[in-house]
Amino acid sequence: MLEALSKEKPKILLVGDFMVDNYTWCDCSRVSPEAPVLVAKTQKEDKRLGGAANVYANLKSLGADVFALGVLGDDESASFLKANLKGEFLTQIGRKTPFKNRIMAHNQQVLRLDEEDINEILLEDELIALFEEKVKDFKAVVLSDYAKGVLTPKVCKALIKKARELEIPILIDPKGSDFSKYSGATLLTPNKKEALEALKSTALKFDNLEGENLLNGIKKLKNEFDLKYSIITLSEAGIALFDEKLQIAPAKALEVYDVTGAGDSVIAVLAFCLSCGVEIFKACEIANEAAAVVVSKIGSVSVSFDEIKGYKKSEFEKKILSKEELLKLLKKDNKKVVFTNGCFDIVHFGHIKYLEKAKKLGDILVVGLNSDKSVKRLKGESRPINCEFQRACMLAAFYFVDFVVIFDEDTPFELISFLKPDILVKGADYKDKLVVGADLVSKVELIEFEEGFSTTKIIEKIKDRK
């Protein structure tokens with residue numbers, strides 16, 4: 001499913017509160033003598049897309065063809081957004097474009113300074129007209145409401161009405177306690193707190209959304225606001241969906257560092273999936289996986305299908321990389337890289353001892369693995385016994401193997417030339433023989449094999465016993 005989705009490029013129209021997220025990274029190592037406060041020494045600043053612009057970044061990262069519509073001020077933040085977003089923006093003179101400056105110390109947010117104008121925009125009719133002119137060309141619409149004054153009741157109602165007329169899904173990340181302005185949307189993505197606030201405005205009174213209350217509440221939202229699907233995001237519990245019945249897509253996060261932007265990723269994935277015809281519950285499951293990636297990072301970040309696929313892998317599967325991915329990682333660290341290669345068709349005790357010894361020669365052990373095609377050329381049509389993915393997983397499961405990379409060539413020369421390891425390791429049987437790639441590395445090490453172990457002997461033994 002993810003592989004197929006990663007090839008799609010649906011056109012999605014995004015309207016909302018576009019803002020700038022600025023991160024000021026500081027070193028806080030002492031307390032001020034003037035007052036009981038930390039002294040922060042600025043190390044670097046990082047300007048990012050925030051609010052609706054973060055939804056844009058997520059959609060773009062997923063592969064969507066996104067077009068943004070909004071109202072900005074005539075300031076530096078507006079210029080930054082226009083330079084980084086494809087779209088059309090109306091300018092309201094004197095309006096301050098939202099700017100959030102997060103002060104970070106030791107990977108923790110210690111203070112946030114906001115500059116913004118949250119009054120309702122003066123250009124409602126112009127924004128509605130612009131939307132009606134553009135919307136017919138898109139597969140889905142997203143309204144990202146951060147309560148900064150762009151998505152007024154008049155604007156929301158007009159945009160929803162037009163999208164419904166054209167039978168285009170319209171998904172909304174809501175804000176505030178009054179959801180009536182979102183009536184008729186395809187779906188909303190409130191969290192539990194937002195859903196409770198909205199339910200307080202209905203005839204039924206809810207003080208929590210647990211057990212039976214969750215079922216009654218999510219149904220009430222669907223009926224009260226004429227939604228096609230009713231959704232409540234449940235943080236660490238996942239996503240609740242009510243269509244014909246209540247279903248819970250469980251959360252996937254293993255580590256949570258920062259929940260900033262998780263909701264943006266959820267609505268981006270839901271919009272992408274629905275625009276590609278994915279069934280709604282499956283879309284919720286994929287959205288959960290995207291949120292798991294986002295909360296494992298610091299700050300507002302976007303997520304790609306490759307990252308989602310990677311997150312679903314077991315820990316050892318993450319060690320199996322393409323040569324391009326591996327080179328990026330190796331460049332980051334100034335560590336001694338050890339390289340060896342082979343078919344490793346049936347992994348045995350001899351292989352284990354050989355690889356363990358190789359790891360001790362440096363900091364990072366990379367194993368180049370012959371692909372299935374390569375093995376067949378070298379050893380005949382009856383080989384390999386195990387496919388390349390299974391062989392790669394077996395190797396990656398060993399704690400002393402850091403990375404596995406599969407290559408198609410008969411020799412690892414091209415791979416060694418590409419990765420440029422420090423040490424090349426081969427078996428002691430290569431003494432006085434030409435070692436392919438020896439001229440590309442600083443050092444060649446030969447390791448003695450354990451006596452009596454080989455894949456060929458294992459295969460022969462099995463045949464004899466038959």
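**Before you click**

This is a predicted model, where local features need pLDDT of at least 70, side-chain atom pairs count only at pLDDT 80 or more, and totals for chains, interfaces and linings use all residues. Residues are numbered from 1 along each chain as its sequence is written, and side-chain values use heavy atoms, with hydrogens and water left out.

**Stop 1: the whole chain**

Show the chain as a cartoon. You are looking at 16 helices and 18 strands; these are DSSP runs numbered from the N terminus, with helices being H or I of at least four residues and strands E of at least two. Along the principal axes, the C-alpha atoms fill a box of roughly 80 × 65 × 45 Å. Of the 466 residues, 51% count as buried. Buried means under 20% relative accessible area, exposed over 50%, and partly exposed in between, using a 1.4 Å probe and protein chains only.

**Stop 2: the annotated site**

Zoom in on Asn 191, in the loop between β10 (187-188) and α6 (192-199). Is Asn 191 buried or exposed, or partly exposed? Asn 191 counts as partly exposed because its relative accessibility is 31%.

Move on to Lys 193, which lies in helix α6. Lys 193 has a relative accessible area of 67%, so this residue is exposed.

**Stop 3**

Most residues other than glycine have a negative phi, and most peptide bonds are trans. Here are some exceptions to look up.

- Select Arg 383 and Pro 384: a cis peptide bond joins them, with omega about 5°. Pro 384 is in the loop between α13 (372-379) and α14 (388-396).
- Select Ala 147, where phi is positive, near 55°. Ala 147 sits in the loop between β8 (140-144) and α5 (153-165), and at 44% relative accessibility it counts as partly exposed.
- Select Asp 226, which has a positive phi of about 50°. Look for Asp 226 in the loop between α7 (212-224) and β11 (230-233); with 43% relative accessibility, Asp 226 is partly exposed.
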